[in-house]
Amino acid sequence: MTYIVTFHWGWMLGALLLGLAMGWVAVVQRGEGLSVAAFRRLAALVAVALVAALARLVPGQFGYWLDLAMMLLIVYLAGCSAGSALRGALIARHHANKAV
Amino acid sequence: MWTFEPGLMRKWWPGLVPLAVIWVAAAWTQGGAVERDLRERTAATLKEAVLDKTRIEVAGRDLTLAAEAFSEEGRRSAVAMAGLVPGVRLVTDRTRLVPRAEPFTWSAQREVARLILRGSVPLPATRSRLAEAARGVAGGVEIADEMAFGRGAPPRFDAAAVLLIEQLGRLKEGQVQLAGTQVSLAGMARELGGREAIAAALGGLPEGFTVAENAVRAPPYIFQANKDPVAATLTLSGVVPDNASHAALIAAARRKFFNEKIVDNLKASIGAPANFAAAAAAALGELSRLSTGSLVMSDRTVKLSGDALYPVAAEQIRGGLGPQLPQGWQAGADISVKPPAGNVDPAICQQLFGELLGKGRILFESGRAAIERDSVGLLDNLVEVALRCPQATLVIAGHTDADGDDQANMALSERRAKAVADYLAKAGIAADHLKPVGYGRSRPVASNDSEDGKALNRRIEFTVE
């Protein structure tokens, strides 16, 4: 995993920034987003892919692509979490100030 | 305070689309570099492993390692080493052991412009060691390494093979071979004595190795002598076994060639055939009987050619050389007869006898009347002179020194004179023209008080009547 990070840090930084931006936007976005059913299916798909990557089930080039996809996704999700948390915290403080 | 709502995660999905773009772009641009990097680093790591025919294929981060290892342990450790290269995910093991060579044969061959190494070699280190040894003896010629790796080399193979390559250095052309622990050699030695040097060096073969065949030949061992009556020289060239036999041969030549200056161009070298000294002495004895002639001894073949001084001598030489040679030697005599010189009157004959006997002495075996073989050259010259005055009567007088009993001396001198007369008679001088007489000690020409004087008194004189 460290090898993937050291070799693709630029791209992973891109995924992180994308995640931050998405997370930042998601807090104030109207609408429901993905339906619960679709979200579950997607989560299941990711889980299967993750297991396949960790168990090194997919050989050769596809295995490398899968590993890379999982790493980018993890970084993206981490970025999203951080973005949403930052935006959420900022809004919460704003409301608190208004209340005073 | 902000709290995380799980529903929020459902709003993150639109980012997945650009993320997929990032993913494809990353895999597209970096995939080849990853494979290259892993291949290079694996190759660098496996440099420490002893492998042959190593082939590393990379797909993504997975390796396929194909190689031939020299031991099961080495094979396993190579696969493990490849698996530990950072970044490598899976290793497909396509390694195997180097095939076993049965029988294990190895050879090195020297040609005019090439030195070829062939057969099986157990390890890369051995291979480079043998190539290094070959470079050491090649003398600048090209080295062709056609060896293949094989397991099953006998113990101490390296040492044996290096020793054999060193022997190849002593060959002009030829081959050294190992079949298991059996050593065989063939070819032509570069120098005289090379065969013996190789045979001696083979004694240093490591334990367990045996010489099955040593068919190394040596260049011919050549000894030559040329008798030139015009310059009055005997030129000796070629080789003799050692300094002692060199000195002995020169001494023998001095005794046999009473009239010639000896030009000594001999060199010492090992590699002489057995009984060389005896054969050389016998052949030189026959050469001394020729007026002009040459002697070539090549290994065990003796070739004598030239002109004998008179017809009987020619026959004697033709038939006499072979039996004098040691067993296993071959003789070839191409002898013609020197055209006879014109007859002269007795006074000239007397003068010629005097000249000959002034230069050389007829030698007898100690206390006996048998003529030494060393004196045949002188006797033939005396015969030649005698043949030029057929009408004259030759008085052959034997003399002794003052040592010993008078009567015995008298009898010995007579017998010696008779022995000389017999030699002349056999050579074709009419017996009734020969008068052998013995004077014992009665007519000394020098004082009998010194050894030198005694030696001068022991003599044969020719007087023409």
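1. B:Asp401 is a buried residue, its relative accessible area being 7%. The model discussed in this note is predicted. In chain B, B:Asp401 sits in the loop that runs between strand S17 (394-399) and helix H11 (406-426). Its side chain reaches the backbone nitrogen of B:Asp403 at a distance of 3.1 Å. When neighbours within four places in sequence are set aside, the residues in contact with B:Asp401 are B:Asn409, B:Arg441, B:Asn448, B:Lys454, B:Asn457 and B:Arg458. The value of 7% falls under 20%, and B:Asp401 is therefore classed as buried.

2. B:Arg441, one of the residues in contact with B:Asp401, also takes part in a salt bridge with B:Asp406, with an N to O distance of 3.3 Å. This pair links distant parts of the chain: B:Asp406 belongs to helix H11 of chain B, whereas B:Arg441 lies in the loop between strand S18 (434-438) and helix H12 (451-457), and the two are 35 residues apart. Both partners are partly exposed, with relative accessible areas of 44% for B:Asp406 and 36% for B:Arg441.

3. A further salt bridge joins the side chains of B:Lys435 and B:Glu465 at 3.3 Å, N to O. Here too the pair links distant parts of the chain, with B:Lys435 in strand S18 of chain B and B:Glu465 in the segment after S19, 30 residues apart. B:Lys435 is partly exposed, at a relative accessible area of 41%. B:Glu465, by contrast, is exposed, at 54%. The value for B:Glu465 is over 50%, and the residue is therefore classed as exposed.

4. Apart from residues up to four places away in sequence, B:Glu465 touches B:Ala392, B:Thr393, B:Val395 and B:Lys435. The C-alpha atoms of B:Glu465 and B:Thr393 are separated by 5.1 Å, although these residues are 72 residues apart along the chain.

5. Over all chains, the count of salt bridges comes to 33.

6. The domain assignment divides chain B into domain 1 (22-97), domain 2 (105-217), domain 3 (222-337) and domain 4 (346-464). For domain 1 and domain 2 of chain B, the C-alpha centres lie 38 Å apart. Contact between them involves four residues of domain 1 and five residues of domain 2. The area buried between these two domains is about 430 Å², and carbon and sulfur atoms give 76% of it. On the side of domain 1, B:Asp52, B:Phe70 and B:Leu97 supply 82% of the area buried against domain 2, more than any other three residues.

7. The residues on the side of domain 1 that touches domain 2 comprise three nonpolar, no polar and one charged.

8. Between the chains, 35 residues of chain B are in contact with 44 residues of chain A. The two chains bury about 3,500 Å² between them, of which 69% is on carbon and sulfur atoms. In chain B, the residues that lose the most area to chain A are B:Arg10, B:Trp12 and B:Arg89, together accounting for 23% of what that side buries.

9. Chain B and chain A share 12 residue pairs in polar contact, counting pairs with both residues at pLDDT 80 or more. Helix H1 (residues 16-46) of chain B gives the most to the side that touches chain A, with 17 residues. That side of chain B divides into 21 nonpolar, six polar and eight charged residues.

10. The count of salt bridges between chain B and chain A is two. B:Arg61 forms a salt bridge with A:Asp67, and the closest N and O atoms are 2.6 Å apart. A network of salt bridges links A:Asp67, B:Arg61, B:Asp62 and B:Arg89.

Definitions and conventions. Residues numbered from 1 in each chain as written. Chains lettered and ligands numbered in written order. Predicted model: local features only at pLDDT ≥ 70, side-chain atom pairs only at ≥ 80, totals over all residues. Heavy atoms only, no water. Helix = DSSP H or I, 4+ residues; strand = E, 2+ residues; numbered from the N terminus. Buried < 20%, exposed > 50% of the residue type's maximum accessible area, 1.4 Å probe, protein only. Polar contact = N/O pair within 3.5 Å; in protein donor to acceptor, adjacent residues only side chain to side chain. Contact = heavy atoms within 4.5 Å. Domains from an automatic or database assignment. Buried area = accessible area lost by both parts, 1.4 Å probe. Nonpolar A, V, L, I, M, F, W, Y, C, P; charged D, E, K, R; others polar. Salt bridge = Lys/Arg side-chain N within 4 Å of Asp/Glu carboxyl O.
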